[in-house]
Every structure is written in structure tokens, then in C-alpha cells.
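Keep the 3D view open as you read.

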2 protein chains.
Amino acid sequence: MKIALDAMGGDFAPEMTIAGALEAVTEYDLEVVLVGDKQRISEALRDKRYPSDKISIFHAAEVVEMHEYPSTALRKKRDSSIRRAVELAKSGEADAAVSAGNSGVAMATALFLLGKSPNVDRPAIAAIMPSLTGFFVLIDAGANVDCKPENLLQFAQMGDAYYKAIFDVPNPRIALLSIGEEDTKGNELTKVAFKYLKNAGINFIGNIEGKDIFSGHADVIVCDGFIGNIVLKVSEGLAETVLKMLRREIVNVATGKIGYMMIKPAIKNFKKKTDYSEYGGAPLLGINGTCIISHGRSSSKAIKNAIKVSSEMARKKVHETIAHTLGDFVIKTKVEG
Amino acid sequence: MKIALDAMGGDFAPEMTIAGALEAVTEYDLEVVLVGDKQRISEALRDKRYPSDKISIFHAAEVVEMHEYPSTALRKKRDSSIRRAVELAKSGEADAAVSAGNSGVAMATALFLLGKSPNVDRPAIAAIMPSLTGFFVLIDAGANVDCKPENLLQFAQMGDAYYKAIFDVPNPRIALLSIGEEDTKGNELTKVAFKYLKNAGINFIGNIEGKDIFSGHADVIVCDGFIGNIVLKVSEGLAETVLKMLRREIVNVATGKIGYMMIKPAIKNFKKKTDYSEYGGAPLLGINGTCIISHGRSSSKAIKNAIKVSSEMARKKVHETIAHTLGDFVIKTKVEG
């Protein structure tokens with residue numbers, strides 16, 4: 001497996017992305033193509049020790065900045081590291097692309113160059129979030145706004161296929177994010193989607209409320225991308241806020257400071273377990289290929305994990321499974337309907 | 001001021017609601033009518049010390065259970081404690097109603113009996129949530145799904161009027177919950193609502209992303225009720241999850257248990273500051289009267305606070321301010337448009 005990494009993407013690029021790539025090739029049986037400014041990458045690689053047969057450089061002269069719009073970046077920056085990385089995945093020179101750069105641009109580039117899977121109307125982002133018992137997948141985490149019930153159905157099917165392939169779970173529990181457990185609770189979108197999901201041939205466990213998403217009751221939680229993005233970011237913001245507020249309270253009580261020293265390793269462990277970047281980023285599902293979009297603040301470990309997950313997805317051909325599953329469902333629905 | 005309290009509503013009723021009422025009349029210059037089963041209330045009051053001229057009982061034979069549907073409860077339980085409490089607020093025998101019972105039924109009853117304010121299309125729930133710098137108001141927190149941009153405009157205007165009246169802030173900062181700060185980011189609903197809010201004569205500070213809602217940058221955050229309910233419940237669920245996970249990590253490190261003992265008072269303080277029930281419940285704004293819906297798990301302090309806030313709202317005639325503000329806006333828009 002060979003992964004094309006957008007070496008220039010992310011808040012700490014290229015140093016952090018390159019460090020992640022070196023960790024990945026040292027730890028796993030795969031190769032990484034570092035895509036970006038050849039000179040800067042070579043400089044960052046100097047003095048580093050790594051299996052040099054597993055690292056190569058592909059020059060790209062431009063870098064997409066975090067504030068750029070997808071349409072403009074796609075049109076004007078034809079030699080950007082994001083674009084070149086995805087092109088390598090398209091041509092087959094690489095098996096997958098990974099970027100921690102501008103996520104809107106990465107998504108648009110993957111969609112534009114690799115194209116949608118057959119039978120997929122709207123590709124979606126599958127984000128992994130921590131729960132009390134481990135983690136769950138939230139789909140769509142922000143690729144689409146104003147979804148139709150048919151889109152939510154496909155998100156559920158894609159999430160199901162992805163979860164099965166990557167986590168080796170035979171029947172992941174799929175839930176629909178809503179404002180009450182009964183099928184009559186929700187908005188126009190979720191009420192219709194509920195009916196579709198019940199007949200989708202997946203292990204649909206019904207609606208899940210906001211307060212229960214972290215309980216571990218569901219493996220895949222399906223929602224419109226506008227809501228998914230808000231849920232993802234509210235969670236991120238709240239977890240940080242809770243720790244900040246807790247810390248402020250701790251230093252305010254007499255025994256707090258010494259107590260804080262004693263629990264500090266626990267806070268570190270907690271942060272580690274709940275840091276999304278540990279899971280290595282979010283794949284864009286429903287495209288003709290494998291592309292993972294990582295958090296801009298990704299650590300080297302997050303990049304390493306994203307490279308690993310992308311190679312797993314490519315090896316298991318998750319995108320083909322998704323195309324087949326959705327295709328079979330379309331045929332079955334036509335025959336029955 | 002005289003507040004009608006649904007004494008039978010809430011997970012720990014009537015003991016907890018009555019305790020809250022007694023705290024309220026002891027602490028504040030107001031009266032409470034305890035609405036519900038006369039015998040049970042009398043029993044709960046026995047041996048209690050309180051200013052008896054400030055507490056009265058209004059008998060209601062029925063109780064709405066937590067799982068009941070609004071339409072059925074409204075039609076069939078005409079002698080329920082929720083309904084009788086709202087009726088007292090309607091007839092003028094009380095100045096406001098408070099219920100910690102079935103929130104859907106409380107909302108529907110208030111809407112049905114008191115009616116909508118002139119010029120309000122959809123009444124909305126204004127929930128108070130903790131932030132890094134204090135708190136903010138989330139509107140709509142669950143009264144309406146499938147909102148139109150016009151509804152979001154009115155939520156912003158109602159939130160503005162409520163915030164000004166209750167917190168004595170001249171120009172509360174109003175933000176629109178979306179998936180990016182720029183006005184071009186969002187879904188169909190928020191993109192149009194953004195334009196309306198910019199011209200609403202309020203201190204509109206633009207879009208706010210999920211990760212920033214707890215930062216303290218906005219005083220009032222406006223969104224569709226489906227999303228508001230999910231945000232409210234995700235936050236509730238996540239705060240609990242963070243504390244649980246943190247505790248699990250703490251007892252797993254060598255010095256954790258003793259450290260935990262030392263920070264325990266801080267955790268208690270944190271919980272107190274972030275417990276929504278401390279703020280006393282959420283008013284339904286946009287109706288002809290004052291009605292506060294409290295959390296089912298309300299403590300006596302939460303009930304006391306809800307009673308206090310409802311009397312403040314009634315004294316300041318917030319519902320009339322809302323009717324006037326929205327009416328003036330309609331006239332102004334017609335003249336200008």
C-alpha cells in the first residue's frame with residue numbers, strides 16, 4: 001500500500017505531517033508519498049532516520065491556505081499539495097490520499113477528481129467520536145447541508161459498510177439522531193428517514209436523543225451534515241470548556257492544587273482517549289477511492305493513524321463495498337417496489 | 001405576585017416542588033398557589049414551617065404522566081395540575097405558571113390556553129446554558145421543528161427582549177448557530193435568516209460555530225428547535241460523560257483516589273455552576289402570559305429559581321414587551337418595505 005500524504009496541510013505542517021509519515025512507515029508495512037514543496041520536505045527530512053525505500057517525495061509548488069474557498073482553490077491552485085495528493089490516488093500511483101489541510105477544499109478536490117461512487121447521491125464525512133464504552137461514528141459530520149431522507153438512508157448504509165470493514169463488527173447498531181426515541185418524534189426529514197432506515201437491511205435501532213449519543217448504545221449515528229457538524233463542534237468545544245472550568249474550580253479550593261497534581265496523569269489519559277485526532281481523521285465515504293480528512297491540529301500520531309486507516313480502507317476496498325451495497329439495495333428496491 | 005406551581009409535575013413531585021415553593025415564599029416577596037392533589041399536598045405541608053399567608057392550595061384531581069402525548073393530555077385530562085396551573089395564569093388569579101412536569105404537555109397547554117402573542121408566529125423555548133464567562137440563552141431549545149427564516153428572526157427578537165428584561169443588559173449580543181462564521185456558510189435556513197437578523201435592529205454579531213457557543217462570545221444563540229434540542233441534550237449528555245470518564249481515569253492512576261478526594265469540592269462547585277436547573281427552567285416566549293417549563297429532575301432550588309424568574313418576568317411584563325417589539329418591527333418593515 002502506498003499513501004499520498006498532503007505534507008503541507010495542517011496547522012503544524014510540514015514538520016508534523018512528515019513526523020507522522022515517518023512513524024507510519026516505521027510501524028506499518030506501507031509506503032508514503034510526501035506531496036508538497038520538495039525543498040522544504042527535503043530539509044525537514046534531513047537528519048531524520050527512516051526506511052528510505054518507504055518514503056518518496058512528489059513536488060507540488062502551491063499550498064492551499066485554511067481560509068480559501070473550495071471553488072477558488074480548485075480552479076486556481078492546480079499545483080497544490082492537496083490536489084496533487086488526490087491526483088496520485090486517482091491515477092493509481094497511490095492507493096489513498098490523506099490531508100490535514102483545508103477540509104472544505106480537501107473534500108471538494110476528492111469529490112471533483114475521484115467522483116461519486118455509483119448509486120451514491122451525496123458522499124458524506126464519517127467522524128469518529130469517543131463514547132463511554134469506546135467510540136461511535138457520526139455520519140454526516142459536515143459534507144452536506146439540507147439533506148433529503150434518501151441521503152440519510154445512504155449515510156446509514158455507508159456508515160454500516162465502513163464500520164463493518166474497519167472495526168470487524170458484523171452488525172453495527174445504527175441510530176438516527178432526533179429529539180425523541182419514538183418514530184413520531186423528529187422533524188420532517190427524520191420522520192421519513194426513520195421509515196427508510198427501518199427497511200434498509202441494516203441493524204437499525206431507532207432514534208437516539210442528543211443526551212444518549214455518548215452512552216455507547218449506538219455504533220453509527222446518522223444525521224444531516226449541518227447538524228452533524230454542529231454536534232461535532234459543540235462536543236469539541238464543550239469537552240474543552242468542561243476541563244477549563246473544572247481546572248478553574250480546582251485551583252480555587254484549598255486542597256485543589258495538590259489534588260490536581262495527583263490527578264494530572266488521569267486528565268492526560270482522559271484527553272488521550274477523547275482526542276478525536278487519535279482516531280486519525282474522517283474518511284469521505286461515497287467516492288471512487290479513499291480519502292481521509294484529518295483535523296487541522298493533527299499531531300504526528302493522528303497523521304500516523306490516518307495513514308494507517310486509509311491503507312486499511314484501501315486494502316479492504318471499502319469504497320467498492322459501498323458501491324456494491326448501495327447498488328444491490330437499489331436493485332432489490334426496484335424488484336420489490 | 002402570585003405564581004401557580006404545578007405541584008405534581010417533575011420526577012420528585014410533589015415533595016420537591018413543594019420544598020421549592022416554601023423556599024421561594026420564604027426568600028422572596030411573592031405568593032405560590034400549589035396546584036394538585038389537595039390531600040397529598042396537605043400531607044406534604046404538614047409539620048413544615050412557612051409563612052402560611054403566602055401559600056395556598058388549588059385542587060386538581062389528575063396528573064399528566066411523563067410519557068403522555070400533548071394532544072391526548074389536553075383533550076382528556078381537563079383537571080390536571082398542569083392545566084389548572086395555566087388556567088390560573090390565564091384568568092388572572094395567578095401572574096405566571098411554573099411546571100416541571102411533562103414539558104411537551106406543559107408547552108402545548110400554555111400555548112393552547114394562553115394563546116400566541118400578537119405578531120408571533122411560533123412561540124419558542126429560551127433555555128439558559130452555562131458558558132466559560134457565565135451563561136447564554138439558547139432559543140429555540142425545542143418548541144419548533146422545521147422552522148422558516150422568519151421564525152428564527154422572531155426567536156432572535158424574543159431572545160433579545162427577554163435577555164434585556166431579565167438580565168438588565170442593554171444590548172445583548174445575538175448570534176446565529178451555523179457551521180462557519182461567514183454569512184455564506186450555513187444551510188438554506190440560516191443563510192436567509194442571517195440577512196433578516198442583520199436588519200432586525202438587534203445587536204447581531206453574526207454566525208457562531210458549535211465549538212464557540214460556550215466561549216461567552218454571545219448572549220443569545222438562535223437556532224431551529226430541532227437543532228436547539230439536540231445541542232441542549234448533547235451538552236447535557238457530554239458534560240455527564242466527561243465527568244464519568246474523568247472519574248474512571250482518576251481511580252485508575254496510583255495517586256488518583258487521594259487526589260480525587262482533594263478536588264471533590266471543586267467538582268461539586270463545577271456541577272453547581274453548570275447545572276441548568278440552577279437557572280430555574282426555560283420560559284416559553286411568545287405567548288400571552290408567563291409560563292416557565294422546568295427540568296423534570298429539578299431540585300427544590302431549581303423550582304425556587306423558576307418561581308423567582310417567572311415572577312420577574314410577570315412583573316416586568318416581558319410578554320407585553322415582546323408583543324410590542326415584534327409589532328413595532330412589523331409596522332416599521334411595512335413602512336420601509
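Two strands pair if DSSP finds at least two bridges between them. Strands (E, at least two residues) and helices (H or I, at least four) are DSSP runs, numbered from the N terminus. This is a predicted model: local features need pLDDT of at least 70, side-chain atom pairs count only at pLDDT 80 or more, and totals for chains, interfaces and linings use all residues. Residues are numbered from 1 along each chain as its sequence is written, while chains are lettered from A and ligands numbered from 1 in the order in which they are written.

Now find strand E10 (residues 282-285) of chain B. Two bridges join E10(B) to strand E11 (residues 291-293) of chain B, and the two run antiparallel. Here Ala282(B) sits opposite Ile293(B). The pair forms a hairpin with five residues between the strands, and Gly286(B) in the turn has a positive phi of about 100°. E10(B) also pairs with strand E5 (residues 124-131) of chain B, again in the antiparallel sense over two bridges, with Leu284(B) as the bridge partner of Ile125(B).

What covers E10(B)? Both of its faces are covered, with Ala282(B) and Leu284(B) on one side and Pro283(B) and Leu285(B) on the other, all buried. Buried means that 20 or more other C-beta atoms, placed from the backbone, lie within 10 Å of the residue's own.

Hop over to chain A. Strands E2 (residues 31-36) and E3 (residues 55-59) of chain A run parallel, joined by five bridges. Leu34(A) has Ile57(A) as its bridge partner in E3(A). Leu34(A) is also among the residues in contact with Leu5(A), leaving aside the neighbours of Leu5(A) within four places in sequence. Contact means that the C-beta atoms of two residues, placed from the backbone, lie within 7 Å.

Finally, look at where the chains meet: 48 residues of chain B are in contact with 48 residues of chain A. On the chain B side, helix H8 (225-252) and helix H9 (256-274) each give two or more residues, and H8(B) provides the largest share, 21 residues.

How do the copies relate? A rotation of 180° with 0.0 Å of shift along its axis superposes chain B on chain A, with an RMSD of 0.0 Å, by least squares on the C-alpha atoms of residues with pLDDT of at least 70 in both. That is the relation of a two-fold axis. The same surface serves both copies, since 100% of the contact residues of chain B recur in chain A.

Terms used: Buried ≥ 20, exposed ≤ 12 C-beta atoms within 10 Å, placed from the backbone.
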